[in-house]
Amino acid sequence: MTYRCSLMRRWLVCISLLLPLLTTVSRVPAATPTPTAPPTLSLSPVSVAAATPTAPKPAAKSDAELVRESPLILAAMYGEKPRFGGKFLSVIVENLPHHDIHQGIASNVQAQLPLYNGLLATSPYDHRQFSPDLAKSWEVTEGGKQVIFHLHEGVKWHDGTPFTSADVKYTFDRIMFQQGGNFRRTAWLAVIESIEAPDPHTVIINGKGPSPLLLQIFADGYASIIPKHISEKDPLNALKEAKLPVGTGPFRLVEPPTTTLWRYERNPDYFKKGLPYLDAIDVHLILDIQARATAVLTQKIYWSDPTPLPQMPLSLAQSIAKQNPNILHEGFSTLLYNHFTMNTTRPPFDDLRVRQAFSEAIDRKALTIEGLGNQRGTVGTALWPGGEWALPQEMRWQLIGYGPDMNKRIAHAKELLASYEAEKGKIDWSKIPYLCFTQHISCENAQIIQALLKKIGVNLVLDPKETVTGFSAIAIKGDYYMGGFIGAQDFDDPIDAFTRHYTTGAFQQFHRKTIPELDRLFELQKFATDPEKRKRLAWEMDTLAMNDAGMLIVIWPLTEHLRWNFVKGWTPTPSLRNTNARMEHVWLDLPQLPHSR
Amino acid sequence: VRQYIVRRLLLAIPTLVGVSLLIFGIMEALPGDVAIAILGTEASSESILSLREELGLNDAWYVRYWRWVKAMATFGDLGRSLFNTKRPIKELIAQYFPVTLNLTIYAMVIAVLVGVPLGIISALRRDTWVDYISRVFSVIGLSVPVFWLGVMILLLFAFTWGWQPSILYISPFDNFWGNLQQMIWPAITLGYFQVAFIARMTRSSLLGVLFEDYVRTARAKGLSERVVVVRHTLRNAMIPVLTLGGIQFVNLLGGVVVTERVFNLSGWGTLLANGVFMRDFPLVQTMIFIFAAIVVVANLLVDISYSWLDPRIRYQ
């Protein structure tokens, strides 16, 4: 008995010693930079344009002219006074398959962009304006059909090799023509005829016709210039397997990147004077959403992603932002969309009436928090509703599946199905398989669509699949009836919008159907010089695609983003591959950092 | 004993060959495509098909099986990952191993240091409030899923104290205190189930032995309770604990997958989970094979330890 008591006493003593130790271990405080700006929590849907800094800026000079004078002047025009130094703790949310920025995924661009430059960039404060990058200036000639880029001189790769126009030509030729060039080249091939490098500091882009894309394409993170002297040794694999990738960019790698960490330091020989503001960047890989959200809260990272990806659930972002008023939570309208697709090679979806009936029955708004969903978003068509080509609401209301009166739409849907059955015979609508993806929001949307289609007597049987499995069924094998996933455009331009899913040869034609009239209109609008005429043609194409109802763009969700309010020099952009992820204008508004280097 | 070990090791060869075939078969049956994981969901079907060809995924199954076995058998680099910049699997495993080893050691230390005393006290104070508390604690540990516990700990600490483990792995050899700060809660998350399991096993084993004749005899001889418990009772009671504890160690490796993901630790669990999500077949096959080999070795070590614990056990 004495022994038992003694043993128990010892054990209790051990526990009582251990508990305070564990508590102490856990209470190590996170670094707490003093915020210098008042919190501005935004929980209402905002467009990208509205989310840009609101400080007054004189219209006399463009951002390109201002940044040529000095990046500090540009920042000042937007009410910012950058501080120099500090390490930025950034994050990516997907595993990188390799180190080739052109053959990888969006996270490749996000992780690697600090290494590289393009010919152009977008202004860090206004994504609609171009800014010089490796090209110090450019001229649009031959009625908009040709662009001549004049390159900075004396630029060097991080390994000391001089950068020349040959690198640019090599990069763009590789993207467009060589094996290993990416599927993303569709837009490039649509507008670019050839690339010339007449001298080491000039690049000429010969377009197939005049198009705004001839500049937009080169102001995208994807158009980063890669080192010819490294890549040409093995165009397919040299960059993929590069241990220490090099670029011309504002940051260079401190050490070979691991699967979970890209560690950058400021490039002291950067050709843009005064940039970057930061001394270093650590880009971590955090896959788990909860871990990522709490990492923002505990300042292990300073934002939820470098360009908004559709990963962060609204409710989680809201709960994190509630914990600290200095964490900004914003929803950005980006070029991402949720689609709803029917395989037109499989009956009954080969019949227009069935597709239109399904389209009519789906109340798009129901997929958002205004209806049954958990996401914020805007109802739209194939043209980004936040952009200049957006189909006007009054025209959208005329489309099949977009009318404002749901009762009318349901009645019309039932008529369409009845007409189909009268001609083709009775159909068992009780077990229509619907392929959804367990990642992202696809299966949540599927449940809502399931509920909506019950109103016309259709019962969906959900078939949830992992992305790598479901995408194979939907994109390669065509082994599906109906499905829904997310998609993205790179540019707010009808060429990019329609070459993804709708034109003949579109690279993601999941519904497996072309419309000859749409192809004809596409060719007409492609190089139309009158913007109004082009817009009308684009709207006609949009109308054709949505009324054909093979592949419906149902919602353009807002992507939720968290960041600390001391992160400056960065604004949200519609494109996932925007050049803001290069972070050369990003600075930390922390009082301990100086205003000069 | 040496003969026994050699025999067991020889028997392990057909076991591991069978395991390799089974793993390969399961991975073959798994739908999905690494080419999609590499190119992303914006890829065209042409680019996916082209990459499949480049990676040799269109070859016949026996060609791919032989390629994998050859890469493993030569032991040069254990083959190459299809993801992760096609790095040698050996390199990846070596890079991720320290975190998992560190985590499992901490979890096992917690399991043994807390579980065994808890089981002993519970048995010695049977049907008292101490026993009841211990049993409730154990039942909770056995019932609570690891991922839930991990997320709750993470959210509790982040929301309450603004604390989260370091994102970067801190080696105990560089900074032991920093390593402890980083690993203690993941280890508790991982180890709680083991604590509960070992406590329950220790308690029931001890109760089974405490009333044996030889224990009564030991007490009648006038030995102190401490000597009776430690020398006469515990050693016999530990045999089933050790047997099942060895198997539980293997289960610990399963828990590692979840714990590492929740706490963003770059260990084998993360590597394996990513490999499965990305359909990185060579990596997953090799890692599962290594896990299988660990199970075989762990079982062998457990069997060998019997003879030390119970001298009556002799290997023929």
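Author: Phe149(A) touches Leu119(A), Leu120(A), Ala135(A), Ser137(A), Trp138(A), His201(A), Thr202(A), Val203(A), Ile205(A), Leu215(A) and Phe218(A), leaving aside residues up to four places away in sequence, where contact means heavy atoms within 4.5 Å. This is a predicted model, in which local features need pLDDT of at least 70 and side-chain atom pairs count only at pLDDT 80 or more, while totals for chains, interfaces and linings use all residues. Residues are numbered from 1 along each chain as its sequence is written, chains are lettered from A in the order in which they are written, and side-chain values use heavy atoms, without hydrogens and water.

Reader: Which residues have the most contacts inside the largest nonpolar core?

Author: They are Phe149(A), Phe172(A) and Phe358(A), in a core of 128 residues; such a core is a set of buried Ala, Val, Leu, Ile, Met, Phe, Trp, Tyr and Cys residues joined through side-chain atoms within 4.5 Å. A second, separate core has 99 residues, among them Val99(B) and Leu252(B).

Reader: Why is Ile13(B) called exposed?

Author: Its relative accessible area is 51%, and exposed means over 50%, whereas buried means under 20% and partly exposed lies in between (1.4 Å probe, protein chains only); Ile13(B) is therefore exposed.

Reader: What makes the link between Lys240(A) and Glu54(B) a salt bridge?

Author: The closest N and O atoms are 3.5 Å apart, and a salt bridge requires a side-chain nitrogen of Lys or Arg within 4 Å of a carboxyl oxygen of Asp or Glu, so the pair qualifies. Between chain A and chain B the count is two salt bridges.
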